[in-house]
Amino acid sequence: RYTQASILKEMEKLGLGTKATRAQILQTLYDRGYIKEKSIVVTELGEAVVKALEHHCPEIISVDLTRKLENEMEEIERGNKKRGDILLEARRNLERILQNFKKHERKIGEEILEALKRFEKNKNVIGACECGGELRIVHSGKTKKRFVGCSRYPECKVSYPLPQHGSIT
């Protein structure tokens with residue numbers, strides 16, 4: 001398990017990102033729903049994205065590729081390598097990787113879409129109902145209010161009110 005601080009240290013050790021970008025990379029993972037909690041837990045959606053890319057286009061998530069690009073950028077900054085040479089090589093590599101991605105684009109999208117549907121469905125589930133159904137956060141189309149209701153409605157009429165403003169965790 002990683003905490004936010006330990007994952008930033010691990011990213012530094014692996015040569016991923018810069019000191020200025022690592023925290024933003026981590027925040028993006030939270031914002032997109034790929035990870036959650038302070039003691040970092042990978043969500044079902046995050047796992048599905050990684051599995052789809054590992055299966056169909058592993059180069060795109062390669063730590064080695066990212067590290068190499070970061071190191072070459074530093075070499076340009078230090079004046080040890082020419083920008084044009086590095087950009088040409090990077091472009092060739094990325095074109096090859098993206099061509100492979102494009103070949104598998106539909107399958108990758110389908111796998112991620114299925115995970116996204118499960119993620120969205122489970123995001124609103126908050127527990128089990130006494131009838132065996134699931135208690136979910138429901139947004140009423142009629143009243144525009146939110147409440148907790150059973151997935152087995154109308155057979156089960158269990159419901160609970162919720163505050164109408166703010167986030168629910």
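## Asn100 in helix H5

At 16% relative accessibility, Asn100 counts as buried (buried means under 20% relative accessible area, exposed over 50% and partly exposed in between, with a 1.4 Å probe and protein chains only). Asn100 belongs to helix H5, which spans residues 83-103; helices are DSSP runs of H or I with at least four residues, strands are runs of E with at least two, and both are numbered from the N terminus. Leaving aside residues up to four places away in sequence, Asn100 touches His56, Cys57 and Glu59, where contact means heavy atoms within 4.5 Å.

## Basis of the model

This is a predicted model, in which local features need pLDDT of at least 70 and side-chain atom pairs count only at pLDDT 80 or more, while totals for chains, interfaces and linings use all residues. Residues are numbered from 1 along each chain as its sequence is written, and side-chain values use heavy atoms, with hydrogens and water left out.

## Packing of H4 against H5

The axes of H4 and H5 come within 10 Å and cross at roughly 165°; axes are lines fitted to C-alpha atoms, for helices over the stretch in contact, and angles run from 0 to 180 degrees between N-to-C directions. H4 is therefore roughly antiparallel to H5 (angles under 35 degrees count as roughly parallel, over 145 as roughly antiparallel, 65 to 115 as roughly perpendicular and the rest as oblique). The crossing of H4 and H5 is left-handed, a term for the near helix being turned anticlockwise from the far one by less than a right angle, with right-handed used if the turn is clockwise.

On the H4 side, Leu65, Lys68, Leu69, Glu72 and Ile76 meet Arg83, Ile86, Glu89, Ala90, Asn93 and Ile97 of H5. Sorted by class, this contact of H4 with H5 has six nonpolar, one polar and four charged residues (Ala, Val, Leu, Ile, Met, Phe, Trp, Tyr, Cys and Pro count as nonpolar, Asp, Glu, Lys and Arg as charged, and the others, Gly among them, as polar).

## Packing of H1 against H2

Helix H1 (residues 4-14) and helix H2 (residues 22-31) have axes 10 Å apart and pack at an angle of about 125°. The two helices H1 and H2 are therefore oblique to each other, and their crossing is right-handed. H1 contributes Gln4, Ile7, Leu8, Met11 and Glu12 to the contact, and H2 contributes Arg22, Ala23, Ile25, Leu26 and Tyr30. Seven nonpolar, one polar and two charged residues make up the contact of H1 with H2.

Ala5 is also placed in helix H1 and is partly exposed, with a relative accessible area of 47%. The C-alpha atoms of Ala5 and Lys38 are separated by 9.4 Å, although the two residues are 33 residues apart along the chain.

## Salt bridges

Twelve salt bridges are found in a search of the whole structure, each being a side-chain nitrogen of Lys or Arg within 4 Å of a carboxyl oxygen of Asp or Glu. One of them joins the side chains of Glu44 and Arg118 at 2.5 Å, N to O. Because Glu44 lies in helix H3 (residues 44-56) and Arg118 in helix H6 (residues 105-123), the pair ties together parts that are 74 residues apart in sequence. Glu44 is partly exposed at 34% relative accessibility, and Arg118 is partly exposed at 39%.

Other pairs lie within a helix. Lys13 forms a salt bridge with Glu10, the closest N and O atoms being 3.4 Å apart; both residues lie in H1, three residues apart, about one turn of the helix. Lys13 is exposed, with a relative accessible area of 65%. In helix H4 (residues 63-78), Arg78 and Glu74 lie four residues apart, about one turn of the helix, and their side chains meet in a salt bridge at 3.4 Å, N to O. Arg78 is exposed at 53%, whereas Glu74 is partly exposed at 33%. Glu74, Glu75 and Arg78 are linked in a network of salt bridges.

## Backbone features in loops

Most residues other than glycine have a negative phi, and most peptide bonds are trans. Glu37, which is not a glycine, has a positive phi of about 70°. Glu37 is placed in the loop between strand S2 (35-36) and strand S3 (39-42) and counts as partly exposed at 48% relative accessibility. Lys144 also has a positive phi, near 65°; its place is in the loop between strand S5 (134-139) and S6, and at 68% relative accessibility Lys144 counts as exposed.

The peptide bond from Tyr153 to Pro154 is cis, with omega near 15°. Pro154 lies in the loop between strand S6 (146-150) and strand S7 (159-161).
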